[in-house]
Amino acid sequence: MCGIVGYTGNQSAAPLLLEGLKKLEYRGYDSAGIAVTEDHSIHISKVTGRIANLCEKTEDGRLTPGTTGIGHTRWATHGAPTEPNAHPHASNDGRFAVVHNGIIENYVELRQELTREGYRFESETDTEVIVHLVEMYYAGDFKKAVMKASNRLRGSYAMGIVCADEPERIFVVREASPLILGVGIGENYFASDVTAMVAYTRNVIYLEDGEFAELTPDFIRIYDCSGREISKPVSRITWDIQAAEKGGYEHFMLKEIMEQPRAAKATITPRIQGGEVVLEGLELDLTDIQKIMITACGSAYYAGCAGKYTIEKLCHLPVQTELASELRYSDPLVDEHTLLIVLSQSGETADTIAAMKECRSRGAKILAIVNVVGSTIAKLADCTLYTWAGPEIAVATTKGYTTQLLVLYLFALYVAKRRNTLEPGQYRRLIGELKGLPKLMQQALDMNPRIPRLAKKYHKAQSMFFIGRNTDYAVALEGALKMKEISYIHAESYAAGELKHGTIALIQEKQPVIALCCNPSVTDKTMSNIVEVKARGAEVLAVAERGNQKIVSLADDMIYVPKVDTLLAACVEIIPLQLLAYYVARENGCDIDKPKNLAKSVTVE
C-alpha cells in the first residue's frame, strides 16, 4: 500500500516530508517523490527505489526550498516502478501537483476524454487523470476545481493537491482510503498513517469517506461532498511511534487481518464493470485449453486448492493442484493445451519459478497471480493478474491468501462466461455475491468477539487437528498452517472422511479438533465425524454458518461466519481461523510477525 504525507507551515517542508515518508517505509514501496511550492511555482523531485535515493537527490531536502509540500511512496499497480510513474504528478501547465493512494476505477475513460481535450500524459498511472481534471476545471477557484475533479472519480482515493497560485494551501480528499489530518500551531499536516506525523503532533482529525479538507498554516477547514463546511472533533494520539506504524495494532499480522475487507474491495471492485468481470492483463487464447494446473508453495498453494473447486464447478474444466517444490522434480503431463496458474505473494518464490520454467518448456501457457509488480514471476508469465493486496509485513500471509483466492474467483467467472458454462442468471447472481464479499469478510471479523477467550482455552494444546470436507477441507489446510507457523503448536488438517483410515487413532481425551462445517452439501457427513471424535474424548471447536443450530448441540465451542455461496466461501471462512491462530500465538508469547525459521519471500530452494 502506498503512503502519502503533506505539510504547510513556517518550516522548510522538504525535510519534514522526507522524514514522514521514512516513517511510511514499512508499508512497502518501489518509488518516492515530493512536491514543494515556492514563489508561485512547484518543485518536484522523484526517484525509483529507496527514500534514501530521494534524500540524496535533494540533499536531504535542502535543494527543494519552500514551506508547503506533499510527498508519496508508491507501490506500483498501474504502470511499472519508473520515475515517470512515481508521484507526485504535475498538470501540463505546471500549476498543480497531486499525490494519491488508491485506485481510480474509471481512469481509462477519463484518460481518453482528457486526451481528446488535448491534455498530455507523462505516465501510465491511473493517478495522473486527477491532476489534469483539476487543471481542466480550474478557473481561478482552487476549491471548486478540486470538488469538480473529485466528483468525476470512481474508486478509492486519498489525495493531496497543491497549487502554484496559492502556495500555502493544500486540499486533501478521502474516499475509501485512509486520510488523517495533523493539527499543529502555525503548521498543519496530513498523512495516510499517523506514523508519518506523530513525531510532530499528536492532535489529529480523521476524515470520513466523501469529505475533503483545506489546509493552510493557520487553519484547517473540513467540507462534506457538497462543499458545506462541517465540524470534526480533534483526537489525541497516545500511541508511541512504533505502535503508530502498526495503526494502533499490537502486531502487523493483526493489522493485516483487519485490512482484508479493504484489500478485497481493492482486488474486486476495479474488475467488475457493468455487471461483467473485466480482467485487464489476461490476454490469453483460452479456447483450446483442456486442462488447468495450479502450482504454488505454502499458503499460495492452499489458495489454489480452494480455488480449484470453484474453477472446476463453473468452467467445466479439470483442475489439478501441484506443490511447486514437487512439480519441479516431476515429469508433468502438460502441453500446449494446459494452462498453468502460478500463485505467489512475492513473485520471487524459487520453487515456483522453477516449476514455471519446466512447464513452459513443455508448451504450457502461464498465468501468474502475484502481489508484487515487476517481480520475476510476473515477468516470466505470459500474462499476470495482480492481487493489489498491498504489502504484507508479517511473515504469515493473511490478506495475500484471501486476495489470491478472490482473483481465482474472478478468473473462474471470467472463463465460465466465455465458455458459456453458466446460465446468465447464475452469472449475475455470482457477480453480486462476489461484490458482497468485502462486507461479509468484515462481518466475519465483527461477529467473533469470543476468539481471544477461545485462545486462552486452547493455547496449551500440544497438537490440533483441523477437519473438513470438500471446500471446508481446503480451508482447513490453510487454517492448520496458520496455527503451526505462528503459535508453534503442531497442527494438521485432514479430510474428515479420512479419519477412520488412521487419523482417529490419535484422538485422545481433551484433544482439540477444529471442525469446519460451512459447506451445506457435506455438513451432515462432517457432523457424523464430530460425533466420532467426541466419542473418543475430543473437544470440538466448530466453524459454521450463522444460524446453524444443529452443530451447536454437538460442539463444545462455536465460531460463526456469515452465510455465503459455497463456491466463494473460503475467503470468508478462513478469517476467524486466522484470528484464532493469532490469539493462540499471542497467549504463548510468540514472535508473531517474525516466526522463527521463516522468511517472507522464499527465494532459495
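Guide: Axes here are lines fitted to C-alpha atoms, for helices over the stretch in contact, and angles run from 0 to 180 degrees between N-to-C directions. Helices (H or I, at least four residues) and strands (E, at least two) are DSSP runs, numbered from the N terminus. The model is a predicted one, in which local features need pLDDT of at least 70 and side-chain atom pairs count only at pLDDT 80 or more, while totals for chains, interfaces and linings use all residues. Residue numbers start from 1 along each chain as its sequence is written, and side-chain values rest on heavy atoms, with hydrogens and water left out.

The protein chain holds 20 helices and 27 strands. Its radius of gyration (taken over C-alpha atoms) is 25 Å, close to the 25 Å from the globule rule for 605 residues (2.2 Å times the number of residues to the power 0.38), so the chain is as compact as a globular protein of that length. Along the principal axes, the C-alpha atoms fill a box of roughly 80 × 55 × 45 Å.

Consider the pair α3 and α4. The axes of α3 (residues 107–116) and α4 (residues 128–137) come within 10 Å and cross at roughly 45 degrees. The two helices are therefore oblique to each other, on a scale where angles under 35 degrees count as roughly parallel, over 145 as roughly antiparallel, 65 to 115 as roughly perpendicular and the rest as oblique. Their crossing is left-handed, a term for a near helix turned anticlockwise from the far one by less than a right angle, whereas clockwise gives right-handed. Contact (heavy atoms within 4.5 Å) is made by Tyr 107, Leu 110, Arg 111, Glu 113 and Leu 114 of α3 with Val 129, His 132, Leu 133 and Met 136 of α4. By class, this contact has 6 nonpolar, 1 polar and 2 charged residues; Ala, Val, Leu, Ile, Met, Phe, Trp, Tyr, Cys and Pro count as nonpolar, Asp, Glu, Lys and Arg as charged, and the others, Gly among them, as polar.

Strand β21 (residues 365–370) runs parallel to β22 and is joined to it by 4 bridges; Val 370 has Tyr 386 of β22 as its bridge partner.

On the α9 side the contact involves Gly 298, Ser 299, Tyr 302, Cys 305, Ala 306 and Tyr 309, and on the α17 side Thr 471, Ala 474, Leu 477, Glu 478, Leu 481, Lys 482 and Glu 485. These residues divide into 7 nonpolar, 3 polar and 3 charged.

Helix α17 packs with helix α20 (residues 570–587) as well, at an angle of about 20 degrees and with the axes 9 Å apart. That makes α17 roughly parallel to α20, and α17 passes α20 in a right-handed crossing. Among the contacting residues are Val 475, Glu 478, Lys 482 and Ile 486 of α17 and Ile 574, Leu 577, Ala 581 and Val 584 of α20. The contact of α17 with α20 has 11 nonpolar, 3 polar and 4 charged residues.

A further open sheet of 5 strands has the order β24-β23-β25-β26-β27, with parallel pairing. β24 (490–495) and β27 (557–561) stand at its edges with a single partner strand each, so one side of each is left without a neighbour in the sheet. Its neighbouring strands are turned by 20 degrees against each other on average, direction ignored. Strand β23 (residues 463–468) runs parallel to β24, with 6 bridges joining them; the bridge partner of Ile 467 in β24 is Tyr 494. Helix α16 (residues 451–458) packs on this sheet, touching β23, β25 (512–517), β26 (539–545) and β27, and its direction makes about 145 degrees with that of β27. Helix α18 (residues 523–534) lies across β23, β25 and β26, running at about 170 degrees to β25.

Note on methods:
Pairing = 2+ DSSP bridges.
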